[in-house]
Structures are given as structure tokens and as C-alpha cells.
Amino acid sequence: MTQTRAAWIFAWALLAPAILYILVIVAWPLFETFRLSFTDASLRRTTNYVGWDNYTKIFDKDFLEIIMRTFTWTFFSVLLKMTIGTFGAVLLNCAVPGRHVFRLLTMPPWIVPMAIGIFMWGWMYNGQFGMISGLMQRLGLSDGPVAFLAYGNTAYWSTIVTDVWIGVPMVTIYFLAAIQSIPRDLYEAAWTDGASRWMRFRRITLPLMGPAIITMSMLSLIATFNSFDIIWILTQGGPSGSTTTMIIDTYSTAIGSKKYGEGAARAVVICIFLSLFCVAYFRVTRKLASSDKA
């Protein structure tokens with residue numbers, strides 16, 4: 001009994017730092033955000049309880065448009081990252097001379113500080129002296145300067161392209177590691193049976209990459225959904241709100257307008273969406289694990 005109690009105390013002593021970290025860094029800020037979402041907290045000294053007013057106020061037509069824009073922005077960005085990353089990993093896995101150099105060249109977007117990379121893209125998007133606009137004019141694709149960040153549609157897709165550029169290296173390297181873990185015997189057997197390169201990719205590579213694709217898709221989805229730096233540095237949510245996502249709207253409300261209660265309500269909604277993503281991820285991985293055992 002004494003040894004059991006000592007082991008129990010030792011186990012809790014080991015867990016204590018992690019528990020304290022979760023309570024102080026995670027649980028308390030979440031609780032405080034949830035509490036503020038039911039108040040009219042702002043720069044005023046007095047804070048009043050307003051119930052569900054902040055939630056009913058944000059679910060208007062404009063916020064619903066922001067939600068849809070966030071989901072579409074996230075969907076296209078993650079889809080492009082997964083697609084480019086998959087084929088990039090396959091190409092980097094090919095036995096070609098200098099492939100180590102090509103693998104190294106995929107890293108700069110990931111290594112370069114994010115703010116510097118975003119400012120670089122902002123310079124390239126500039127209509128007067130940007131490289132992309134100048135190249136389009138030289139090729140005859142445009143009659144004059146093209147200010148990509150000045151118009152809603154082009155600004156929207158410009159932020160997606162920048163996010164994809166930053167995120168693709170991590171996806172590519174992760175998928176490359178997944179491909180290299182596939183036994184080579186499977187490819188040799190398929191090649192002996194006369195399977196084409198596309199057939200080997202579709203029947204061997206993609207199915208065995210399934211767990212890696214699901215994991216990276218979820219990680220990329222959460223990171224993209226919460227993406228703030230790219231949009232804020234390039235457009236600050238403009239022009240006319242065409243690139244305003246939920247995280248930008250939350251920041252503008254809570255920090256820009258100093259409406260902490262309304263901003264907290266928006267943060268709670270974001271937390272709910274991300275929690276649903278995580279629940280879906282765990283269910284999918286559980287099904288995959290049960291199917292593998294079967």
C-alpha cells in the first residue's frame with residue numbers, strides 16, 4: 001500500500017508541471033475569453049453582463065459572409081498545398097541527379113521569416129514597380145499596371161497564393177518522408193507485374209500515404225484557418241473587406257475597435273469551429289486505425 005501510494009504521488013509530481021502549464025496557459029485564457037464574451041467589456045472602466053447579445057449581434061449577414069469567406073479561403077489554400085505538396089514529394093523522391101539540391105531548394109519559403117516573405121510578395125503584387133505586373137506587361141498580357149491588392153477578387157487570390165507558397169515546403173517534406181517509408185518491394189512487385197507509373201502511384205503511393213495526408217490536412221487546415229500575418233500584412237482585410245476572415249475580423253473588433261466583449265464572442269466561435277475540426281480528425285484517424293487492425 002505504501003509503495004502504491006508513493007508511486008501515485010510520484011506520478012502526479014511528474015504530471016504537475018504539465019497540468020500547471022495547461023491551467024495557466026490554456027485553460028485560464030479560454031475561461032476568461034468565454035467570460036468576456038458575455039459582457040460589454042471595452043476601454044470603459046465598468047463592464048456589464050449582456051448575456052447572449054454579443055453572439056446574436058455577430059451572426060448577421062456580414063459575419064455570415066465572413067464565415068463563408070474564411071471557409072472558402074481555407075479550402076482552396078489547403079487544397080493547393082496538399083496537391084502541390086503531394087506531387088512535389090513524388091518528384092523529389094525520383095532517382096534523378098542532384099535531387100538533394102532540389103530538396104534543399106524547397107526549403108527557403110519555410111526558412112525565410114514569414115514577415116519578410118510576405119513583404120516580398122507585397123512588393124511583387126505592386127502595380128507600379130512589382131515584378132508580376134511588369135512581367136505581364138512585357139508579355140502583352142496586360143495593357144497597363146495591374147495592382148493585384150487593389151481589387152477584391154485579385155487580392156483574395158493573391159493572399160491564397162502567398163499562403164500556399166509559405167505552406168508548401170512543410171507539406172512537401174512531410175509527404176516525402178511518408179513516401180520514403182513505403183517498402184520498395186511493393187513498387188518492384190508492381191513493376192514486375194507490368195503496372196504503369198500512374199498505376200503504382202494510385203494503387204500504392206496514395207493509399208499508403210493516407211494517414212500522412214489526413215494528418216497534414218488537419219494541421220494545415222487549423223494553421224490556415226487561424227492565418228493572420230499573411231492577410232494583415234498584405235491587405236489588412238481589404239479592399240472593402242474582400243479578404244477579411246474570421247481571425248482578421250476578431251482582431252479588428254477586439255483590438256482595433258476596442259470592443260473586447262464582441263471580440264471575445266468571435267474568438268469563442270472560432271474555437272468552436274476548430275474544436276469541430278479536431279473531433280472530425282480524431283474520428284477519421286480512429287476509423288483508419290480500426291480498419292488497419294481488421
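Analyst: Happy to! One term to start with: contact means heavy atoms within 4.5 Å. Also keep in mind that this is a predicted model.

User: Okay, what is Tyr55 in contact with, leaving aside its neighbours within four places in sequence?
Analyst: Leaving those neighbours aside, Tyr55 is in contact with Phe34, Ser37 and Phe38, and also with Ala265, Val268 and Val269.

User: And which residues have the most contacts inside the largest nonpolar core?
Analyst: Tyr55 is one of them, along with Phe63, Phe225, Met246, Val269 and Ile270. That core has 24 residues.

User: Which helices each supply at least two residues of it?
Analyst: Helices 2 (53–58), 3 (61–92), 8 (152–180), 11 (210–225), 13 (246–256) and 14 (260–293) each do. Helix 14 gives the largest share, with seven residues.

User: What does the second core include?
Analyst: The second core is separate and has 16 residues, including Ile182, Ala190, Met209 and Met216.

User: New topic: how many disulfides are there?
Analyst: A search of the whole structure finds zero. As a reminder, a disulfide is a covalent bond between the sulfur atoms of two cysteines.

Key
Residues are numbered from 1 along each chain as its sequence is written. This is a predicted model: local features need pLDDT of at least 70, side-chain atom pairs count only at pLDDT 80 or more; totals for chains, interfaces and linings use all residues. Side-chain values use heavy atoms; hydrogens and water are left out. A disulfide is a pair of cysteine sulfur atoms within 2.5 Å. A nonpolar core is a set of buried Ala, Val, Leu, Ile, Met, Phe, Trp, Tyr and Cys residues joined through side-chain atoms within 4.5 Å. Buried means under 20% relative accessible area, exposed over 50%, partly exposed in between (1.4 Å probe, protein chains only). Helices (H or I, at least four residues) and strands (E, at least two) are DSSP runs, numbered from the N terminus.
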